Amino acid sequence: MRLCTGTFWQKLFPTIRKMSVRMICAMSARLNLALFSFDFKNAFLNATLGEPEHLIPPREFAMLSGDPELANGSFISKLVKAIHGMMQCSLEWSNTLAKVLDRFEFEGTKLKRLLADRCVWVWRNQNGKMPTMGTHVDDTSMGCNHQDLQ
């Protein structure tokens with residue numbers, strides 16, 4: 001994926017909308033849900049790249065390895081996982097998380113991803129509560145009952 005003029009940035013950097021954050025907070029208050037916030041550690045390293053990327057290792061890496069083949073720049077690495085600093089790493093992480101959450105099922109009910117904001121998932125459980133989760137790259141906010149977490 002190459003960045004070009006006119007690229008729609010929401011597609012490259014999927015982030016939750018302000019209105020969706022307000023909705024999660026309001027629903028949590030209205031339905032008496034606890035509001036949690038958490039961060040996925042090393043999230044980008046868990047994302048598999050959609051297209052192969054190749055890179056020449058930095059000169060410092062080559063000097064530390066002591067390998068003469070690396071030192072002269074004739075070695076090229078193929079990346080399988082996203083790394084920090086790549087333009088598409090947050091998009092790849094978002095796609096990886098979406099694949100996992102779309103398969104997630106609890107008590108026979110699946111999480112539903114909102115059409116209006118693709119960074120928000122809602123689940124209606126049997127007691128009528130609606131646990132809701134919103135993601136902003138690798139930071140997540142979730143409103144749910146304590147019983148839903150057990």
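## Phenylalanine 40 and the aromatic residues

Phenylalanine 40 is partly exposed in this predicted model, because its relative accessibility is 24% and the buried class ends under 20%. Phenylalanine 38 is also classed as partly exposed, at 32% relative accessibility. The rings of phenylalanine 38 and phenylalanine 40 make an aromatic pair.

Phe38 and Phe40 belong with Trp93 to one aromatic cluster. Phe40 is also among the residues in contact with tryptophan 93.

## Helix H5

Helix H5 covers residues 89–103, a run of 15 residues. From the first C-alpha to the last, H5 reaches 22 Å, close to the expected 21 Å. As a general point, an α-helix has 3.6 residues a turn, so residues three or four places apart point the same way.

Serine 94 is a residue of H5. With a relative accessibility of 11%, serine 94 is buried, because the cut-off for that class is under 20%. Beyond its neighbours within four places in sequence, serine 94 is in contact with Pro14 and Arg113.

## Nonpolar cores

The largest nonpolar core has 16 residues, and the members that touch the most others are Trp93, Leu101 and Trp121. H5 supplies the largest share of this core, with five residues. Apart from it there is another core, of seven residues, including Ile16, Cys119, Val120 and Met130.

Leaving out neighbours within four places in sequence, its contacts include Phe40, Ala43, Phe44, Asn46 and Ala47. Val137 and Asp138 are in contact with tryptophan 93 as well. Across the protein as a whole, buried residues make up 33% of the 150 residues.

## Cysteines

A search of the whole structure gives zero disulfides. Cysteine 119 is buried, because its relative accessible area of 3% lies under the 20% cut-off. Cysteine 25 is partly exposed, with a relative accessible area of 35%.

The protein has six helices and nine strands. Five of the strands form an open sheet in the order E1-E9-E8-E7-E6, with antiparallel pairing. E1 and strand E6 (112–113) are the edge strands, each pairing on one side only. In a regular strand, as a general point, side chains alternate between the two faces of the sheet.

Strand E1 (residues 34–39) runs antiparallel to strand E9 (residues 139–144), and six bridges join the two. Serine 37 stands opposite serine 141 of E9. E9 also pairs with strand E8 (residues 132–136), again in the antiparallel sense, over five bridges. Threonine 135 has threonine 140 of E9 as its bridge partner, and threonine 132 stands opposite glycine 143 in E9. Two residues lie between the strands in the hairpin of E8 and E9, where valine 137 takes a positive phi near 60 degrees. Val137 is also one of the residues in contact with tryptophan 93.

Lysine 129 lies in the loop between strand E7 (120–122) and E8. At 22% relative accessibility, lysine 129 is partly exposed, because the buried class is limited to values under 20%. Lysine 129 is 98 residues from leucine 31 in sequence, yet the two are 6.7 Å apart in space, C-alpha to C-alpha. Apart from neighbours within four places in sequence, lysine 129 is in contact with Leu31, Asn32, Leu33, Trp123, Arg124 and Asn145.

Of the contacts between residues at least 6 apart in sequence, 59% join residues at least 24 apart.

Definitions and conventions: Residues are numbered from 1 along each chain as its sequence is written. This is a predicted model: local features need pLDDT of at least 70, side-chain atom pairs count only at pLDDT 80 or more; totals for chains, interfaces and linings use all residues. Side-chain values use heavy atoms; hydrogens and water are left out. Two strands pair if DSSP finds at least two bridges between them. Helices (H or I, at least four residues) and strands (E, at least two) are DSSP runs, numbered from the N terminus. The expected span of a helix is 1.5 Å times one less than its number of residues. A nonpolar core is a set of buried Ala, Val, Leu, Ile, Met, Phe, Trp, Tyr and Cys residues joined through side-chain atoms within 4.5 Å. Buried means under 20% relative accessible area, exposed over 50%, partly exposed in between (1.4 Å probe, protein chains only). Contact means heavy atoms within 4.5 Å. A disulfide is a pair of cysteine sulfur atoms within 2.5 Å. Rings of Phe, Tyr and Trp (its six-membered ring) pair if their centres lie within 6.5 Å; planes under 30 degrees apart count as stacked, over 60 as edge-to-face and the rest as tilted.
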